[in-house]
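Here is a briefing for someone meeting this structure for the first time. Look it over, then read on by topic.

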Amino acid sequence: MPLLQLRDVTVQFTKTAGCLRRTMPTPPVVDQLSLQLHQGEMYGLVGESGCGKSTTARAIMGLNQLAKGQILFQGDDLSKMHRSSRKLRMKEIQMIFQDPYSSLNPRKNVWNIIAEPLRNFERLTRAEELKKVQELVERVGLNAESIYQYPHQFSGGQRQRIGIARALALRPQLLIADEPVSALDVSVQAQVLNFMKEIQEEFDLTMLFISHDLGIVRHMCDRIGIMYKGRLVEEGTIQDIYERPSHLYTKRLLAAMPEMNPEKRLEKMKQRFRINEEYELANEQFFDSSGRVVEMRKITDTHWAALK
Amino acid sequence: MIPQLLLLSILIFFLAKQMPGDAVTGAFMGKPNVSAEQMEKIREQHGLNDPWIVQYGRWIGDAIQGDFGQSFVHKQPVTQLLAGRIGNTIWLSVATLVVTYVIAIPLGMIAGRWTGSWADQFIVTYNYVSFATPVFVFALLMLYVFGFVLNWFPSGGSVDIRIEEGTAEYVWDRLKHLVLPVLSGSLLLTYSTVQYLRNEIIETKMKDFVKTARAKGVPEHAVYRRHVLRHSILPIAAFLGYEITGLIAGSVFIETIFSYPGLGRLFIDSIMTRDFTVVTALVLISGAAVIVGTMLSDIILRMVDPRIRLG
Amino acid sequence: MLTIHNLRTSFRIHDEFHPAVDGISLTIHKNEVLAIVGESGCGKSALALSILGLHPPERTKIEGTIEFQGQNLLQLSTAELNQIRGKRLAMIFQDPMTALHPLMIIGRQIEEPMKYHLTLSTKEKKQRALQLLERVGIHNNEQVYQQYPHELSGGMRQRVLIAMALACDPELLIADEPTTALDVTIQAQIMELMKELQRQSQAGILLITHDLGVVAEMADRVAVMYAGEIVELAPIHTLFHNPLHPYTRSLLHSLPSSFGQKGRLHVIEGMVPAIEHLKRSGCRFAPRIPWISNELHEVNPVLHEIAPQHFVRCVCHQHFYLPTERIGDEINASITAT
């Protein structure tokens with residue numbers, strides 16, 4: 001049984017429009033999305049801004065209402081659960097946010113930031129709490145003394161570590177990381193990525209890694225799903241996606257990655273040009289008449305793509 | 001807007017009813033020869049003893065048709081009484097508003113552009129002083145200095161009654177009567193506009209698009225005029241409607257002090273004489289003005305900000 | 001075309017001036033893309049803004065010379081500078097969301113540099129603005145001309161910014177992180193567009209970025225900046241195939257995409273120092289490579305021309321191994337020993 005399963009998840013927002021102030025549904029942001037995360041795997045969800053990847057994460061966290069579909073965690077439907085039992089279940093799912101500058105309360109010290117989830121779920125004495133917070137802080141590579149400091153006294157990478165320590169406090173099963181390094185500098189990014197790998201192995205975490213950066217996802221993840229317009233266009237292992245991409249959108253994304261070898265510039269440029277041309281021409285192969293991404297079909301056991 | 005007005009009217013009516021005394025006590029104040037029984041009879045006659053909801057229904061029904069009843073003190077229909085004075089108040093308000101902006105916008109621009117300069121410090125000081133000065137103190141001071149001591153401007157009224165209406169002299173005299181009340185009002189009203197504009201300019205001049213403008217080689221004066229000011233003036237424009245609230249509050253003091261025959265002074269007089277019908281009508285009108293002002297702010301903001309226009 | 005000599009830009013922090021750009025000398029030639037790469041706080045954006053004189057004068061001190069076609073830009077008055085800015089020297093800013101005036105239609109904003117630099121009639125200006133939009137790949141130009149920035153997507157806005165910078169055919173374009181705020185596919189399009197426009201116009205481009213991928217795709221020469229100084233300056237091929245300075249090498253090794261396989265990424269020890277705490281003598285990168293002993297650094301590191309066109313600061317690179325490289329070398333050494 002997969003640890004987390006999304007079945008036909010649809011998220012739709014409404015807007016008020018017209019002189020009568022009617023609420024109208026907007027086109028779905030996440031459109032009948034289905035995916036599975038297995039225990040201990042690092043799943044990369046990739047897409048450009050507005051493709052619905054962050055909305056998916058928020059839906060799993062219960063921050064967005066589902067218009068349709070189910071989210072099963074260890075086989076239980078989270079959306080149908082009673083609020084109190086759901087809250088208890090949600091401690092198994094934690095999230096790391098993109099911006100380490102705004103996701104930590106500037107008026108709380110590190111102790112209070114990390115202890116907050118503990119206080120919500122566990123009754124610990126002050127001494128126990130302190131011990132646990134210190135352990136966590138040391139585990140993420142910060143000085144034990146730093147628990148009395150405030151977020152602004154840390155660098156971006158350190159703040160992201162504090163965010164990770166907070167997420168780990170309740171020993172979750174599933175960690176959702178929404179663009180965890182895109183606000184960081186290259187060298188700091190490397191630190192955080194290494195560290196996330198370490199904790200994943202150490203805690204046997206399952207991770208949903210959301211990113212727009214195909215290079216990072218390739219480095220971090222086992223399986224990847226490519227999202228476009230609220231739907232998956234392709235899903236597969238690293239090899240499937242990077243060596244045998246089937247969907248044109250995937251190819252387009254891969255071609256858009258900057259080429260690190262200056263000698264291959266021209267080649268890359270030609271490749272991009274070719275794929276863009278193909279993309280314009282072969283549109284109807286991948287999208288139905290209303291522009292919606294077609295249903296994915298199986299290519300191999302691990303590799304699925306939205307082809308007709 | 002209609003539900004707000006309805007709610008307001010109920011509230012006003014109810015509060016006015018709660019005031020000690022009523023129109024009858026007011027009308028016969030200082031006339032001891034009228035007995036309590038006679039007063040009671042008059043009350044019965046005018047329906048003042050009916051349940052408040054009945055009285056309210058009667059009042060609001062008439063008010064919708066433009067009839068606010070009879071003033072007990074002035075012995076004429078309230079509508080007629082108001083019509084005679086509303087023009088004066090509108091004149092005063094519009095003039096005050098215009099003068100406020102004429103003073104405040106340049107001051108705010110100077111203070112915002114040259115932050116920390118002596119001019120800025122001077123303007124900020126002026127601002128604090130004007131904010132802290134009560135309008136009645138300042139108005140009295142103006143009246144004393146320019147009206148009595150220097151005798152430059154008339155100290156009361158809206159126009160000299162000896163001058164024939166419609167002549168150029170008449171207009172000139174009206175304007176002369178406006179100078180002191182307008183200045184007293186606007187010199188104190190500049191506070192919010194100057195402060196807003198200054199803060200807004202200080203914030204805007206750090207923005208990226210201002211850097212873009214400089215990088216395009218736009219001369220400094222045009223950077224401020226075309227780019228900074230255009231962006232900073234938005235909240236000021238939006239605030240225009242809300243200024244009406246301040247004007248209404250201010251007019252009560254100003255008109256009373258300068259014995260200017262407008263709605264503000266009528267308001268105070270009516271409260272003094274318990275002229276219930278006039279008071280309620282006036283409060284309702286000011287309430288409506290505030291609501292219209294708020295709506296106006298919304299409409300203006302929609303007009304000047306394209307980002308809201310579509311949304 | 002543009003020669004920067006010993007530029008030092010200092011900012012006032014708590015009543016003391018601290019240089020963010022510390023003794024930079026550079027030359028940008030015609031028809032060349034020079035990239036300046038470095039992490040946040042290295043002074044690369046401060047350098048760009050210094051060239052255009054966009055730092056607030058009351059909080060900044062700029063020393064040295066910036067010579068542009070025989071004129072020292074730092075000695076010009078604002079009015080004289082305005083003759084050059086937007087005409088011969090133009091800038092593209094990082095964030096297309098905030099760099100456009102939110103209350104002005106696109107057309108007006110593109111026409112603005114023409115208004116101050118060219119003598120054109122209203123009709124000619126409009127015509128030229130429409131042409132520029134077309135040139136940057138906006139084909140519904142008539143419509144976009146009338147629109148406000150919030151009605152356009154990020155990629156479109158970046159195109160508008162480029163069109164605006166090209167309004168008076170500048171000879172030098174300074175692009176500060178022109179693609180950072182964009183999605184990958186849009187980034188690729190904008191990079192192609194800039195390359196194409198550069199080929200057409202023969203203008204020089206000073207490209208400021210933190211993204212080595214963008215550098216690899218666009219630049220002809222690269223200057224790597226660390227803590228206000230240039231630590232390595234080299235032609236693009238040299239920099240990617242034979243990087244020498246420890247910082248350049250560390251940076252290239254900390255990128256995941258340069259591997260493809262899943263090892264640990266290289267992590268540079270310590271942190272970038274804040275400019276007010278920076279030690280201004282000795283090799284500035286020394287604290288981050290503590291396994292290189294002090295004697296192996298220069299006392300006053302200067303840029304050495306190692307090969308033609310290839311400059312490296314300090315001599316420490318001769319002794320520098322990345323921890324991963326060293327392991328490989330030790331294995332090699334042990335093999336040769338036996």
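## Strand 3 of chain C

Strand 3 of chain C and strand 8 (residues 204-209) of chain C pair in the parallel sense, over 5 bridges. The model is predicted. Strand 3 of chain C also pairs with strand 9 (residues 221-226) of chain C, again in the parallel sense, over 4 bridges.

- On the strand 8 side, C:L34 stands opposite C:L206.
- On the strand 9 side, C:I36 has C:A223 as its bridge partner.

**The nonpolar core**

- The largest nonpolar core holds 227 residues.
- Which residues touch the most other members of this core? They are A:I114, A:F209, C:A35, C:L207 and C:V222.
- Helix 8 (residues 168-204) of chain B gives the largest share of this core, 11 residues.

**Domains of chain C**

- The domain assignment of chain C gives domain 1 (2-219) and domain 2 (242-337).
- The C-alpha centres of these two domains of chain C lie 32 Å apart.
- Contact between them involves 6 residues of domain 1 of chain C and 6 residues of domain 2 of chain C.
- On the domain 1 side of that contact, the residues are 3 nonpolar, 2 polar and 1 charged.

**Chain B**

- Chain B has 13 helices and 0 strands.
- Its C-alpha trace spans about 85 × 55 × 40 Å along the principal axes.
- Chain B has 311 residues, and 35% of them count as buried.
- Take the contacts in chain B between residues at least 6 apart in sequence: 72% of these join residues at least 24 apart.
- Chain B is divided into domain 1 (2-64) and domain 2 (81-310).
- The C-alpha centres of domain 1 and domain 2 of chain B lie 35 Å apart.

**How the chains meet**

- Which chains have the most contacts between them? Of the 2 pairs of chains that touch, chains A and C have the most.
- This contact takes 28 residues from chain A and 33 residues from chain C.
- On the chain A side, the elements giving two or more residues are helix 6 (186-203), helix 7 (214-220), helix 9 (248-256) and helix 10 (265-281) of chain A.
- Helix 6 of chain A supplies the largest share of that side, 6 residues.
- By class, the chain A side has 11 nonpolar, 9 polar and 8 charged residues.
- Chain B meets chain C through 18 residues of chain B and 25 residues of chain C.
- The elements giving two or more residues to the chain B side are helix 9 (208-215), helix 10 (220-257) and helix 13 (306-310) of chain B.
- Helix 9 of chain B provides the largest share of that side, 6 residues.
- The chain B side divides into 5 nonpolar, 4 polar and 9 charged residues.
- Chain A and chain B do not touch, and their nearest C-alpha atoms are 9 Å apart.

**A sheet in chain A**

- Chain A has an open sheet of 4 strands, in the order 4-1-6-7, with antiparallel pairing.
- Strand 4 (30-37) and strand 7 (76-77) of chain A stand at the edges; each has a single partner strand, so one side of each is left without a neighbour in the sheet.
- Strand 1 (residues 4-11) of chain A runs antiparallel to strand 4 of chain A, and 5 bridges join the two.
- A:V11 has A:V30 of strand 4 of chain A as its bridge partner.
- Helix 1 (residues 53-60) of chain A lies across strand 1, strand 4 and strand 6 (68-73) of chain A.
- Helix 1 of chain A runs at about 65° to strand 4 of chain A.

Notes
Residues numbered from 1 in each chain as written. Chains lettered and ligands numbered in written order. Predicted model: local features only at pLDDT ≥ 70, side-chain atom pairs only at ≥ 80, totals over all residues. Domains from an automatic or database assignment. Contact = placed C-beta atoms within 7 Å. Nonpolar A, V, L, I, M, F, W, Y, C, P; charged D, E, K, R; others polar. Pairing = 2+ DSSP bridges. Axes fitted to C-alpha atoms, helices over the stretch in contact; angles between N-to-C directions. Buried ≥ 20, exposed ≤ 12 C-beta atoms within 10 Å, placed from the backbone. Core = buried A, V, L, I, M, F, W, Y, C linked by C-beta atoms within 7 Å.
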